[in-house]
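Biologist: I am new to this structure and would like to learn how to read its helices. Could we go through some features one at a time?

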Amino acid sequence: MLIILFLTFFVLLLINMPIAFALGIATLTTLLFNDTLPINSIVTRAFVGVDSFTLLAIPFFIIAGELMNACGITERIVAFARSLVGHIRGGLAHVSIVSSMFFAGISGSATADASALGSMIIPAMKKNGFDADYAVAVNASSSAIGPIIPPSIMMVIYGSIANVSIAQLFLAGFVPGVAMGLGLMGVAYYIAKKRNYPAPPRNELPPVLRSFGEAAIALLMPVIILGGIFSGVFTATEAGVVAVAYAAIVGTFVYKTLSFKLVGELLVNAAVTTAAAMFLIAMATSFAWLLAWAGFGAAVLEVLGGISSNPTFALLLIVLFILILGLFIEGIPILIIFTPVLLPVILGLGIDPVFFGVIMVMSVVIGSVTPPVGILTYISCSIGGITISQAIRGLLPFCAVLITVLLICTVFPAIVMTVPTLFGN
């Protein structure tokens, strides 16, 4: 049964079938060859997969991101980041990374970060003498921070599946997200110095204050959202509604850039994105249910137990497995398919599900950077006008940093759990 499921799935991927359809067709094909389960199980499980109040946060955060991006906040955040770190050698690379860290608190989506920030920063970097592979690598790798620093759509999905606190997941993402950003800045500086990229003059303090004042309203959004969630004023789903309302008010009355026509276009874009995401979640849920029914999780636990009884070593093997999967499969399907399969495994090993959730999200997001399937790299290459093969040289050191931070967090759980512990959650 598992052979039919995986064989069908990977054959469909090889012929470039969209992954949501590949998951659904593989599940349906397996059910046709099975006399025990009814065919309509795929429909039932797909409906169960999206019938979740928590998942309502996804379309609201998508709409909020569309609205805030249309308000011109991207330019304001980039200007503020430039005033802070633009004077460091390789200045625009650091601006890209810091902007991604700020933007992560607004969009919660890596692809949104890659496209919104990349369309501004990659052309600017090329114009200022930076190599295209370096500009693409910086944008693709820094966009991976988006789902780590809260709010995060991926963490909402994991929390919904694993039935753990979204607030705890958000808190646990702070330190790893910042560590990834600082690590990327370190390698960006080293490469900039090695390639003799320019070091712009240091900005004076007034421009920093001025740019902060212009970006403050946008940067206040994640403060309101996260403050409301952590204080218990509203849930993660309700936070999405608050984010939409805040974005609409800011765009209409403060920045005065929103119109009825523009809002209509943004809602259509958000609807298309949401429909694609929900269909993917539905098909991945059916696929994951079939894996669990076939005993894949028990087989994984048996294999890990046969290799080592050490939880840290077992977790490192799981991380390696996810990183390898990330070379061929997009992040969200991996998250949806393997969370219910691996959750009993990590609970059996005594691993905190909140800690595992952050490690899981970090692993699948890194897969979004690494070729050949890395969607963040594809987006960045498209903006930078180069091919994946041309980008690999620049990507390698940045991917190495992301993986190093992931491994450090895996081996030392206290790094991830520091903030949740401090807040008593």
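This is a predicted model: local features need pLDDT of at least 70, side-chain atom pairs count only at pLDDT 80 or more; totals for chains, interfaces and linings use all residues.

Biologist: How many of the residues of α4 are buried?

Modeller: A residue counts as buried under 20% relative accessible area. Ten of the 14 residues of α4 are buried, so the helix is largely enclosed by the rest of the structure. Among them are Ala57, Ile58, Pro59, Phe61 and Ile62, and also Ile63, Ala64, Gly65, Leu67 and Met68.

Biologist: Which residue just after α4 takes a positive phi?

Modeller: That is Gly72, with a phi of about 90°.

Biologist: Now the pairs. At what angle do α3 and α13 pack?

Modeller: Helix α3 (residues 41-50) and helix α13 (residues 260-293) pack at about 120°, and their axes are 8 Å apart. Angles of 65 to 115 degrees count as roughly perpendicular and those over 145 as roughly antiparallel; α3 and α13 are therefore oblique to each other. Their crossing is right-handed.

Biologist: Which residues make the contact?

Modeller: On the α3 side they are Ser41, Ile42, Arg45, Ala46, Gly49 and Val50. On the α13 side they are Met278, Ile281, Ala282, Met283, Thr285, Ser286 and Trp289. By class, the contact of α3 with α13 has eight nonpolar, four polar and one charged residues.

Biologist: Why do residues three or four places apart point the same way?

Modeller: An α-helix has 3.6 residues a turn, so residues at that spacing point the same way.

Biologist: How do the axes of α9 and α10 cross?

Modeller: The axes of helix α9 (residues 153-162) and helix α10 (residues 166-194) come within 9 Å and cross at roughly 140°. That makes α9 oblique to α10. The crossing of this pair is right-handed. Met155, Val156, Tyr158, Gly159 and Ser160 of α9 meet Ile166, Leu169, Phe170 and Gly173 of α10. By class, this contact has six nonpolar, three polar and no charged residues.

Biologist: Last, where does Leu320 lie?

Modeller: Leu320 is in helix α15, residues 311-325. Its relative accessibility is 47%, so Leu320 counts as partly exposed. Leu320 and Ser363 are 43 residues apart in sequence, and their C-alpha atoms are 8.5 Å apart in space.

Key
Residues are numbered from 1 along each chain as its sequence is written. Side-chain values use heavy atoms; hydrogens and water are left out. Buried means under 20% relative accessible area, exposed over 50%, partly exposed in between (1.4 Å probe, protein chains only). Helices (H or I, at least four residues) and strands (E, at least two) are DSSP runs, numbered from the N terminus. Axes are lines fitted to C-alpha atoms, for helices over the stretch in contact, and angles run from 0 to 180 degrees between N-to-C directions. Angles under 35 degrees count as roughly parallel, over 145 as roughly antiparallel, 65 to 115 as roughly perpendicular and the rest as oblique. A crossing is left-handed if the near helix is turned anticlockwise from the far one by less than a right angle, and right-handed if clockwise. Contact means heavy atoms within 4.5 Å. Ala, Val, Leu, Ile, Met, Phe, Trp, Tyr, Cys and Pro count as nonpolar, Asp, Glu, Lys and Arg as charged, and the others, Gly among them, as polar.
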